[in-house]
Amino acid sequence: MNAVNLIARLAGPVLAVIGLGVLLNRAVYTDAIVEAVKSTTLIYLTGIACLLAGVAILNAHRAWTADWRVLVTIVGWLLVIAGVMRIVLPSVAAGMATTVYVGTVGLPIAGAVALIVGAILSVMGYRAAGK
Amino acid sequence: MQPAVFIARLLGPVLVVIGLSILLNEQIYAAIVMEAVHSPTLIYFSGLLSLPIGIAILNLHRAWTADWRVVVTIFGWLFTIGGIVRILLPHLTAVLGETVFSSAAAMPVVGVIVLLVGGWLCFEGYRRAGGAQSAKGG
């Protein structure tokens, strides 16, 4: 199995479940964001997790091809940028999260995007039979 | 090295440390559970940690064999289902966590199980001599 398929097999279901979770539990996830932005520790820890995942993805796959694989590259770069932002500019990250997600349509839109991207990656990653 | 052996080498020691820690710090773990079930953020993050680990395990090893390797498969499914439930059904997770750990006996029982299973995985994972270079040993 090549790297991009393995990443799609891991990231696809995770994104799909997150997207569905956000759409089904909007109030809970709004509370989670409000709670998370108050804690510099949580912002820092999520930044470390994002940065590591993003750097790992880009090291395994980093190509701007005109097919579904470009989603893996985009997810990799978004994770790297989000990780760097949270670690280097935590107050900006907290402000942005509150502005974009709390009390706006940002959260359901993000949930829908995560669900769609996750579904595409899952289908593409798992459609090749076997391991 | 077979994927199941590699996973056992990673998962085994982690479970042993967690199991020992639960038995040695029962009250702290009870406090952790109670704090976690009241925080949607912590439920979400623990789901986010659990789900990729489960999917990664199942992608590497997913076989219902009649030997120790089935433990790896079971853990893969438990992490996957645990992650999905935490992300999709955070309320249910909170209720389940509170219910299961409300009994005084629950924490030591979980600690002993985690310690025993972790010890077993360590034994099976590491009893084959050598490290990554010893492919024939697996």
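## How two helices in chain A cross

Let's start with what a crossing angle is: each axis is a line fitted to C-alpha atoms, for helices over the stretch in contact, and the angle between N-to-C directions runs from 0 to 180 degrees. In this predicted model, helix H1 (residues 3–24) of chain A packs against H4(A) at about 65 degrees, and the two axes are 10 Å apart. That makes H1(A) roughly perpendicular to H4(A), since angles from 65 to 115 degrees count that way. The crossing of H1(A) with H4(A) is left-handed.

Which residues of H1(A) and H4(A) meet? From H1(A) come A:Val4, A:Ile7, A:Ala8 and A:Ala11, and from H4(A) come A:Arg69, A:Val72 and A:Val75. Sorted by class, the contact of H1(A) with H4(A) holds six nonpolar residues, no polar ones and one charged one. Here's a handy bit of background for reading such a list: an α-helix has 3.6 residues a turn, so residues three or four places apart point the same way.

## A tryptophan between two helices

Now look at A:Trp68, which sits in the loop between helix H3 (40–60) and helix H4 (69–88) of chain A. Is A:Trp68 buried or partly exposed? It has 15 other C-beta atoms within 10 Å, so A:Trp68 is partly exposed; being buried takes 20 or more.

If you skip residues up to four places away in sequence, A:Trp68 touches A:Ile120 and A:Met124.

Helix H5 of chain A covers residues 90–101, which is twelve residues, and at 1.5 Å a residue it should span 16 Å. The expected span uses one less than the number of residues. Just after H5(A) comes A:Gly103, with a positive phi of about 70 degrees.

## Chain B as a whole

Over in chain B, there are six helices and zero strands. Read from the N terminus, the elements go α-α-α-α-α-α. The C-alpha atoms of chain B fill a box of roughly 50 × 30 × 25 Å along the principal axes.

Of the 138 residues in chain B, 28% are buried. Take the contacts in chain B between residues at least 6 apart in sequence: 74% of these join residues at least 24 apart.

B:Ile22 has 22 C-beta neighbours inside 10 Å, so B:Ile22 counts as buried. B:Leu10 has 13 such neighbours inside 10 Å and therefore counts as partly exposed.

Which residues does B:Ile22 contact, leaving aside its neighbours within four places in sequence? They are B:Tyr29, B:Met107, B:Val110, B:Gly111 and B:Val114. B:Ile22 and B:Leu42 are 20 residues apart along the chain, with C-alpha atoms separated by 19 Å. B:Leu10 and B:Ala30 are also 20 residues apart in sequence, and 26 Å apart in space, C-alpha to C-alpha.

## A helix pair in chain B

Next, find helix H2 (residues 26–37) and helix H5 (residues 90–100) of chain B: their axes come within 9 Å and cross at roughly 155 degrees. H2(B) and H5(B) are therefore roughly antiparallel to each other, and their crossing is left-handed.

H2(B) brings B:Val33, B:Ala36 and B:Val37 to the contact, while H5(B) brings B:Ala94, B:Gly97 and B:Glu98. By class, the contact of H2(B) with H5(B) has four nonpolar residues, one polar and one charged.

## Where the chains touch

How many residues does each chain put into the contact between A and B? Chain A gives 16 residues and chain B gives 13 residues. On the side of chain B that touches chain A, helix H3 (40–60) and helix H4 (69–88) of chain B each supply at least two residues. H3(B) gives the most to that side, with eight residues. The side of chain B that touches chain A has ten nonpolar, three polar and no charged residues.

How values were computed:
Residues numbered from 1 in each chain as written. Chains lettered and ligands numbered in written order. Predicted model: local features only at pLDDT ≥ 70, side-chain atom pairs only at ≥ 80, totals over all residues. Contact = placed C-beta atoms within 7 Å. Helix = DSSP H or I, 4+ residues; strand = E, 2+ residues; numbered from the N terminus. Nonpolar A, V, L, I, M, F, W, Y, C, P; charged D, E, K, R; others polar. Parallel < 35°, antiparallel > 145°, perpendicular 65-115°, else oblique. Left-handed = near helix turned anticlockwise from the far one by under 90°. Buried ≥ 20, exposed ≤ 12 C-beta atoms within 10 Å, placed from the backbone.
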